[in-house]
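The stops below go from annotated positions to strands and then to a helix pair.

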Amino acid sequence: MASAVPSPAPLPFHHVSVLAAEVLEGLNLRSGGCYLDLTVGGGGHSQLILEADPTVCLTAIDQDEQALQAARTRLQAYGDRIQFWKGNFSTFSPPLESFDGILADLGVSSAQFDQGERGFSFRQDAPLDMRMDLSQDLTAADLLNHLSERDLADLFFRLGEERFSKRIARQVVQRRPLQTTGQLASLVIAALPVALKQKKWRIHPATRVFQSLRMAVNRELESLETLLEISPRWLRPQGRLCIISFHSLEDRQVKLSFRNHPDLRPLTKKPLVPTAAEQALNPRSRSAKLRIAERLYS
């Protein structure tokens, strides 16, 4: 189901790391320890870890080649203290008990949102892409133009918690093929009841539909499920696992896994969230939630 979507030209990759102080405290860095950043993005969290203790080393992962290139540039001064690996974190396979701490920031980076041609945002009209890994074939346009009306409605409701999922799916089927983010955003608005079209929106009506498509294209919940099962065994005893999520489906998955995994002890009864000051400086942080767990002794 591949679509002919051109690869975007490289652009500056900038991302503000959320909950930075909370992550460092949560990881509880050990002198000489080895750490794993499963979603390095622009390298912000990784740099904080490497700067905090000159004796630690770090492995950085991302499936987005643009992000890895940016992180390599940003972190080149740390030399062989940092290693890079390209791919989805769910397919990473290190030796058991390799790390003293693991971090996963599950959010889409600011750079990915701001680079309109990536298709993650409705704020710029661009091809309906939404791939984190540009080498994969499946795009958001493929899903919109090939799934049945029933499957689209289920996708919008299950992954986006979109209450008008059936109305939107019906509009998609009637008006496809759809190729651009602008077409989809306009379609979502057209599918709303008249009273809602006239309201002042706090959140754009297409937000949940875009979220659901991005999650489906990149198999985000499936990858997270795999990660939550296998990553605790990558930790050394008393090593910390820190996961930042950005919506309820992910946070629920993390909470239940931390509670039920036989190798983990949850350290956060409730998730840590950004302070009012951080949210004012970085509004995109407002939905971030950090949960921390510790590896038990074997």
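Select Gly 43, Gly 44, His 45, Asp 62, Phe 89, Asp 105 and Gln 112: the unreviewed UniProt entry annotates them as "binding site", with positions in the numbering used here, feature names shortened, and annotations that may be inferred rather than shown by experiment. This is a predicted model, in which local features need pLDDT of at least 70 and side-chain atom pairs pLDDT 80 or more, while totals for chains, interfaces and linings use all residues. Residues are numbered from 1 along each chain as its sequence is written, and side-chain values use heavy atoms, without hydrogens and water.

Keep Asp 105, which lies in strand β4 (strands are DSSP runs of E, at least two residues; helices are runs of H or I, at least four; both are numbered from the N terminus). Asp 105 counts as buried because its relative accessibility is 6% (buried is under 20% relative accessible area, exposed over 50%, partly exposed in between, with a 1.4 Å probe and protein chains only).

Next, select strand β1, residues 34-37. Cys 34 and Leu 36 on one side are buried, as are Tyr 35 and Asp 37 on the other. Strand β1 pairs in the parallel sense with β4 (residues 99-105) over 3 bridges and with β2 (residues 57-62) over 4 bridges; pairing takes at least two DSSP bridges. Centre on Leu 36: its bridge partner in β4 is Ile 102, and opposite it in β2 stands Thr 59.

Finally, show helices α1 (residues 20-27) and α2, which pack at about 55° with axes 10 Å apart. Therefore α1 is oblique to α2 (under 35 degrees is roughly parallel, over 145 roughly antiparallel, 65 to 115 roughly perpendicular, the rest oblique).

How values were computed: Axes fitted to C-alpha atoms, helices over the stretch in contact; angles between N-to-C directions.
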